[in-house]
Amino acid sequence: MAKQYKVVHCTVNGKEIEQVVDVRESLTDMLRNDLHLTSVKKGCEVGECGACTVIINGEGFNSCIYLAVWAEGKEIWTLEGLTGPGGELSDIQQAFVDEGAIQCGFCTPGFIMTSWEIVNSGKEYTDDELRKALSGHLCRCTGYENIFRAVKKTMLRHLGKFEEAELVNSQGITEYPDPMPFK
Amino acid sequence: MATKLLMAKSPEEAAVSKTASAAFVAGGTEVNRLGSDIAEKAETLISLKKCSGLDGIEADAGYVTIGAMCTFQDLVESDKVPGWLKEAALFMASRTKRNMATIGGNIAARRSDSYLIPALSAAGAVLELLGSDTKAERIGIVEYFDGAYDDKLITSVTVEKDIRLVSKRYANTAQSHAVLTMSAAMDEMGVYMNGAVKNVGLLHFCDLEKAFNDDPEISEDKIIEMVRTCTGLETADDMFGSDAYKRYLIAVTAFDLFKQLKGKEV
Ligand SMILES: Cc1cc2nc3c(=O)[nH]c(=O)nc-3n(C[C@H](O)[C@H](O)[C@H](O)COP(=O)(O)OP(=O)(O)OC[C@H]3O[C@@H](n4cnc5c(N)ncnc54)[C@H](O)[C@@H]3O)c2cc1C
Ligand code: FES
Ligand code: FES
């Protein structure tokens, strides 16, 4: 049967775009194939792994199961949009590097997009909440602890808790000295 | 395979357009998955994303009415939604998926590892449906699964707010398919128990309800024996566990939920 096409207008990484898409095309395909934003990974294409996560109007979505036509009028961010004009890494990206939260890197863009939503939410998540908030992502390499630590430290820094961020140990637990100097 | 997409602007337009070769798509977490047989069998998808009036949550006189397009995350974040339903919504562990998946889609998907159906069934939820003749009707959720309503659009779900309801879900990981999701509710008439057993289906545990209602002090051993020998239960050995394991799990969960309910305030 003949395919049906539609024009989509949206903002991607701050730029307005107009793109003709097959109405059954996923947002992953539009971002990767049409806009060449290859940080958006195709892992499972069934909503299982989180590698395709992008931010739509401030919230994380699995772009592989999101139709491109639904992006009409939306504001979309991918990992490419987080770096500075000279390619400088954002703080959450740098934290992933510093904490060794990357091995093969396939899951990393998706993890960083969800983490970006978390660290910019202005909310202080408990360790348990943070683990749950990251639970839509699968990583075959790192064992998650380094990722957790990168996100937790960046969240604390965003909240102005720089000293507390330095007290997060290798297991991701905040080791408060006794007596606690702040709070 | 679906090659056409209709962006319905109203529930009426969506309902009228639903023919045998069309399928609704709400959050798309089931329909848009690679290899989804829903999209494989349909020629046209009817997107509900731009349908007006399907996304509010209203609380009124002890009842909450939830628009079919409300996402799991909407349920979790709303202060009008009762705690037992938030808990069931949180069975969907992935936040990104909760941002997409809708309550209407979850009911219509009728999965044997359903997140919400056991709780909504035990709560006696009422669905509002819209047929292709644009006539609205209200039916109990359990009735919805008898097959006569497959082509109708679910427009809203109404539940009683202040009920005693507890749930449990067993899966290997937060992301895995659950072998058993079970809910129990209680009012002055007695206990109600519903579940979803992977690869078996959506179940109403009438015999267990009767056993607990007849003898609230019934022993766990008796419940285990009852489920072990129940001929009406079509559990089988598969990769989610043996028949014996599933029966044992249903029995001990039913007993635990009943115990929890007895001690639970509304
Ligand atoms: C990785 C992964 C794991 C999953 N695990 C589970 C699980 O364990 N348990 C579970 O229950 N689900 C699971 N799902 C399926 C799905 O996420 C949920 O069932 C979800 O609630 C479906 O909602 P939706 O809005 O995305 O539905 P859609 O995918 O849009 O639609 C699902 C079905 O409902 C129909 N439909 C949608 N809205 C309506 C309506 N208003 N009226 C009538 N029909 C309608 C569609 O035609 C389709 O048949 C999983 C999905 C993924 C991607
Ligand atoms: S590629 Fe989208 S969730 Fe795996
Ligand atoms: S770093 Fe390889 S999958 Fe996560």
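Is Tyr144(A) buried, partly exposed or exposed? Tyr144(A) is partly exposed, and its relative accessible area is 35%. The views below come from a predicted model.

**View 1. Tyr144(A) sits in a loop of chain A.** The loop runs between α4 and α5, and α5 spans residues 145-158. Tyr144(A) is not a glycine, yet its phi is positive, at about 75°.

View 2. Look for Ala61(B) in the loop between two strands of chain B, β4 (57-60) and β5 (63-67). Is Ala61(B) buried or exposed? Its relative accessibility is 69%, and the cut-off for exposed is over 50%, so Ala61(B) counts as exposed.

**View 3. Chain A is shown on its own, from end to end.** Its secondary structure is made up of six helices and five strands. Follow the sequence and the order reads β-β-α-β-β-β-α-α-α-α-α. Along the principal axes, the C-alpha atoms fill a box of roughly 70 × 30 × 30 Å. Chain A has 183 residues, and 50% of them count as buried.

**View 4. Ligand 1 lies between chains A and B.** Around the ligand are 33 residues. Which of them come nearest? They are Phe24(B), Ala26(B), Thr29(B), Glu30(B) and Thr102(B). By class, the shell holds 16 nonpolar, nine polar and eight charged residues. Three elements of chain B each give at least two residues to this shell: β2 (22-25), α6 (103-109) and β8 (153-160). Helix α6(B) gives the most, with five residues.

**View 5. Polar atoms of chain B meet ligand 1.** Start with Glu30(B): one of its polar backbone atoms is 2.8 Å from an oxygen atom of the ligand. Next comes Asp113(B), where a polar backbone atom is 2.9 Å from a nitrogen atom of ligand 1. Arg169(B) uses its side chain instead of its backbone. A polar side-chain atom of Arg169(B) lies 2.9 Å from a ligand oxygen. How much of ligand 1 does the protein bury? Taken alone, the ligand exposes 970 Å², and the protein buries 97% of that.

**View 6. The second largest pocket has a lining from both chains.** Its space comes to about 470 Å³. There are 19 lining residues. Nearest the pocket centre are Lys132(A) and Ala133(A) from one chain, with Leu90(B), Ala93(B) and Arg98(B) from the other. Helix α4 (127-133) of chain A supplies at least two lining residues. So do three elements of chain B, namely α3 (72-77), α5 (95-98) and β9 (164-171). Which classes make up the lining? It has nine nonpolar, four polar and six charged residues.

**View 7. One cavity of 30 Å³ or more is counted.** The largest cavity holds about 30 Å³ of space. Its lining is Thr114(A), Glu117(A), Ile118(A), Tyr125(A), Ala133(A) and Arg95(B). Helix α3 of chain A, residues 108-119, gives the most to this lining, with three residues. Three lining residues are nonpolar, one is polar and two are charged. Ala133(A) lines this cavity and also lies among the residues nearest the centre of the second largest pocket.

**View 8. Leu116(B) lies in a loop, and Ile141(B) in a helix.** The loop of Leu116(B) runs between α6 and α7 (117-122) of chain B. Is Leu116(B) buried or exposed? Its relative accessibility is 0%, and buried means under 20%, so Leu116(B) counts as buried. From Leu116(B) to Ile38(B) is 20 Å, C-alpha to C-alpha, and the pair is 78 residues apart in sequence. Ile141(B) belongs to helix α8 (residues 141-144) of chain B. Ile141(B) is buried too, with a relative accessible area of 1%. Ile141(B) and Gly124(B) are 17 residues apart in sequence, with 6.8 Å between their C-alpha atoms.

Notes: Residues numbered from 1 in each chain as written. Chains lettered and ligands numbered in written order. Predicted model: local features only at pLDDT ≥ 70, side-chain atom pairs only at ≥ 80, totals over all residues. Heavy atoms only, no water. 1 Å grid on protein atoms, 1.4 Å probe; cavity = no way out; pocket = protein on both sides within 12 Å on 5 of 7 lines; lining within 4 Å. Points joined across faces, edges and corners; volume = space filled by probe spheres on them. Helix = DSSP H or I, 4+ residues; strand = E, 2+ residues; numbered from the N terminus. Nonpolar A, V, L, I, M, F, W, Y, C, P; charged D, E, K, R; others polar. Near = heavy atom within 4 Å. Polar contact = N/O pair within 3.5 Å; in protein donor to acceptor, adjacent residues only side chain to side chain. Areas by Shrake-Rupley, 256 points an atom, 1.4 Å probe, with all protein chains shown as cover. Buried < 20%, exposed > 50% of the residue type's maximum accessible area, 1.4 Å probe, protein only.
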